[in-house]
Amino acid sequence: MQYDIAIIGAGPAGLSAAIYAQRAGFKTICLEGNIHGGQIINTPEVENYPALGRISGVEYAMNLYNQAVGFGATVEYAAVEGVDFTGEVKKLATAAGVIEAKAVIVANGVVRRKLECPGEEKFTGRGVSYCATCDGSFFAGKTAAVIGGGNTALEDALYLAGLCEKVYLIHRRDEFRAAPHEVQKTLSNPKVVPVYSTVVEEISGTAKVESIRVKNVATEEVSTIETAAVFVAVGLIPQNSILEGVLTLSEGGYILTGEDCKTNLPGIFAAGDTREKTLRQLVTAAADGAIAATAAAAYITAALAGIAQKTAKEKAGTTAKKPAKAAAPAKRVATKTAKAAAPAKKAATKTGKAKK
């Protein structure tokens, strides 16, 4: 099926783009390989989005989804497996079929980075988790460990402190990278125990997680921490492998664009966490979506205007050529008339002679 604008991803950037595109009168579809909402659904409370006050990530995602669908956007749960951006019509291959569009917005977001240590894969789903708000309640009253030092890690630790008996917050550096107010708020909770300059070497247990072996990178001291759960929050990875060699990417795999969200290919735009940028927040993702949708709409409008102008020129050229061809017989008629006038001239001459 063909759409005006196809959006890869249904997170804050993708759904915001869908709202702006549909309101501008363009038929739009969002293709999502997982669940709509993106990473924000893992955030228990959003408090820095202008004018919203406090709202849960899940509630925000549902409101955004309902707004986009309410304006007429289509959300289809199918992962994009391949792309073809070579022609005027862009093609996106999914398990459900090929989606065609005049413009594409890539807003596929990021996924959580893994620790890549022994035991992580074995105990995933049995104590190892990448979503504190999803799985935290399973460990109520128990000890948990959060690995990471950014905003997400501290948010997870604070959320788990409301459920667990104790929460170890383990970071490989000697200070946290999160916003100062997040650090202060999290460390002021007596249930949160910070562990600095430490990395996880192994996750152990029998049927489920029972402990982790950690190493202090400064002293090289190795110790064991008993815990029932390990929540991993050590960074993000862009999902742009299918775009390698198609779009220009940074060394980290993020799409390179200007602030207008335009990529190196005409008609292809990128919005949200998937593009290279200095700040990745909910508000910047939504802003990117609005910018990308507006740029895509302008691209389609300009393309249609170009086609219309080209068609008009072709018609004008055809019309101008037809009278030139029709004028040729008229010229011949005029010549015959001129020839016919010659005998009359001769006759007049003879008459003049007769009078003499």
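Two strands count as paired if DSSP finds at least two bridges between them. Helices (H or I, at least four residues) and strands (E, at least two) are DSSP runs, numbered from the N terminus.

The model is predicted: local features need pLDDT of at least 70 and side-chain atom pairs count only at pLDDT 80 or more, whereas totals for chains, interfaces and linings use all residues. Residues are numbered from 1 along each chain as its sequence is written, and side-chain values use heavy atoms, with hydrogens and water left out.

**View 1. Strands S10 and S11 run parallel and are joined by four bridges.** Strand S10 covers residues 166-170. Within this pair, Ile 170 stands opposite Val 195 of S11. Both strands belong to an open sheet of five strands with parallel pairing, ordered S8-S15-S9-S10-S11. Strand S8 (128-129) and strand S11 (192-195) are the edges of this sheet; each has a single partner strand, so one side of each is left without a neighbour in the sheet. Strands of a sheet pair through backbone hydrogen bonds, either parallel or antiparallel.

**View 2. Thr 143 is found in strand S9 (residues 143-147).** Is Thr 143 buried or exposed? Thr 143 is buried, with a relative accessible area of 18% (buried means under 20% relative accessible area, exposed over 50%, partly exposed in between, with a 1.4 Å probe and protein chains only). Not counting residues up to four places away in sequence, Thr 143 touches Glu 165, Lys 166, Tyr 168, Glu 226, Thr 227, Ala 228 and Ala 229; contact means heavy atoms within 4.5 Å.

**View 3. Strands S12, S13 and S14 form an open sheet in that order, with antiparallel pairing.** Strand S12 (198-205) and strand S14 (222-226) are the edge strands, each pairing on one side only. On average, neighbouring strands of this sheet are turned by 25° against each other, direction ignored. The axes are lines fitted to C-alpha atoms, for helices over the stretch in contact, and angles run from 0 to 180 degrees between N-to-C directions. S12 and strand S13 (residues 209-216) run antiparallel and are joined by seven bridges. In this pair, Ser 204 stands opposite Ser 211 of S13.

**View 4. Gly 97 has its place in strand S6 (residues 97-106).** The relative accessible area of Gly 97 is 27%, which makes the residue partly exposed. From C-alpha to C-alpha, Gly 97 and Ala 78 are 9.2 Å apart in space, and they are 19 residues apart in sequence.

**View 5. Ala 51 and Glu 116 are loop residues with positive phi.** Ala 51 is found in the loop between strand S2 (28-31) and helix H2 (57-70). Phi of Ala 51 is near 75°, a positive value in a residue other than glycine. With 86% relative accessibility, Ala 51 counts as exposed. Glu 116 lies in the loop between strand S7 (110-112) and S8. Although Glu 116 is not a glycine, its phi is positive, at about 60°. Glu 116 is exposed, with a relative accessible area of 66%.

**View 6. The protein chain as a whole contains six helices and 17 strands.** Of its 356 residues, 41% are buried. Among contacts between residues at least 6 apart in sequence, 59% join residues at least 24 apart. The accessible surface of the protein chain comes to about 18,800 Å², of which 55% belongs to carbon and sulfur atoms. Accessible areas come from the Shrake-Rupley method with a 1.4 Å probe; for residues, only the protein chains shown count as cover.
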